[in-house]
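Me: I am new to this structure. Please take me through it in short steps.

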Amino acid sequence: MSQAKKFILTLEEVNKSFEGFKAISNLTFYMDDGELRVIIGPNGAGKSSMMDLITGRTKPDSGKIEFGFDTDLTKLNEAEITRLGIGRKFQTPSVYNEHTVFENVWLSLEGSRSVWTTLFSRVTPERRERIYQVLKTVALDGKADWKAGALSHGQKQWLEIGMLLALNPKLLLVDEPAAGMTDEETHKTGELLLSLEGKHSIVVIEHDMTFVRQIARKVTVLHQGTVLCEGTVDEVQNSEKVMEVYLGRKKKH
Ligand code: ADP
Ligand code: MG
């Protein structure tokens, strides 16, 4: 047994080009089960592309992408990867504005059943309890009957996180959740993500350094499609390599 340690996610030497442009370049990344990991990096660093590769939205040109012990994600399509327990939250919220907050989570739980089949069926007490449990987690239980369209941008983001949580994913990928949020909403989002730590493995892509500082355990800095450095927030912020990339200059001594 050369590799006794079990990672929830393993990427090794992954490469992906788009029309000759190398979006992902020899990317190697490991994550422990139950970890809350933050990925930062300048625009175009390949952060979202990395999520596309993990979730099967795009396929690597080469390299290994594995979930758990040995599930080869490069061989599976998006739906199969979702069913394995990998949930992804895109940058912009996509909720059903015309349906209530409760119905949105319900629709997510029912998955492939159509909107009408679901909404004209009866919700079982177990389902109702599960939906309220999720709404409580994302602090929307008091707004269960609101139309999702009436929620603030931040609340919509939480609802969408709730819709993913309803499916109880093992791994949750969240792309820039705080973008467009107020400071208070951002802070609440941080608390929400921290409350999920240990129950789910979570990858968060984020720009806002106050937010990163609030939630970060281990930070991975991505640059030109590869890992520039990894460590605590302080280690990363004091890294010469990171300063050069972000500020275009060497650290002052
Ligand atoms: P980040 O999320 O770190 O800002 P992205 O992963 O979105 O960066 O993008 C990295 C680079 O890859 C960008 O130059 C982007 O234009 C390119 N890219 C990403 N996905 C595609 C795609 N599906 N087709 C063409 N180019 C893409
Ligand atoms: Mg992105």
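Reply: A definition comes first: a crossing is right-handed if the near helix is turned clockwise from the far one by less than a right angle, and left-handed if anticlockwise. Bear in mind that this is a predicted model.

Me: In which hand does α3 pass α6?
Reply: The axes of α3, residues 101-110, and α6 come within 8 Å. They cross at roughly 35°. By the definition above, the crossing of α3 past α6 is right-handed.

Me: Which residues of α6 make the contact with α3?
Reply: By class, this contact has five nonpolar, two polar and no charged residues. From α3 come Val101, Asn104, Val105 and Ser108. From α6 come Leu159, Met163 and Leu164.

Me: Are α6 and α7 roughly parallel or roughly antiparallel to each other?
Reply: α6 spans residues 153-165 and α7 spans residues 183-196. Their axes are 10 Å apart, and the packing angle is about 15°. Angles under 35 degrees count as roughly parallel. Therefore α6 and α7 are roughly parallel.

Me: Which residues of α7 meet α6?
Reply: α6 brings Gly154, Gln155, Trp158, Ile161 and Leu165. Their partners in α7 are Glu185, Lys188, Thr189, Leu192 and Leu196.

Me: Which side chain has an N or O atom 2.5 Å from an oxygen atom of ligand 1?
Reply: The residues around ligand 1 include Gly44, Lys47, Ser48 and Ser49. Gly44 uses a polar backbone atom, 2.8 Å from a ligand 1 oxygen. Ser48 also uses a backbone N or O atom, at 2.9 Å. The side chain at 2.5 Å belongs to Ser49.

How values were computed: Residues numbered from 1 in each chain as written. Chains lettered and ligands numbered in written order. Predicted model: local features only at pLDDT ≥ 70, side-chain atom pairs only at ≥ 80, totals over all residues. Heavy atoms only, no water. Axes fitted to C-alpha atoms, helices over the stretch in contact; angles between N-to-C directions. Helix = DSSP H or I, 4+ residues; strand = E, 2+ residues; numbered from the N terminus. Parallel < 35°, antiparallel > 145°, perpendicular 65-115°, else oblique. Contact = heavy atoms within 4.5 Å. Near = heavy atom within 4 Å. Polar contact = N/O pair within 3.5 Å; in protein donor to acceptor, adjacent residues only side chain to side chain. Nonpolar A, V, L, I, M, F, W, Y, C, P; charged D, E, K, R; others polar.
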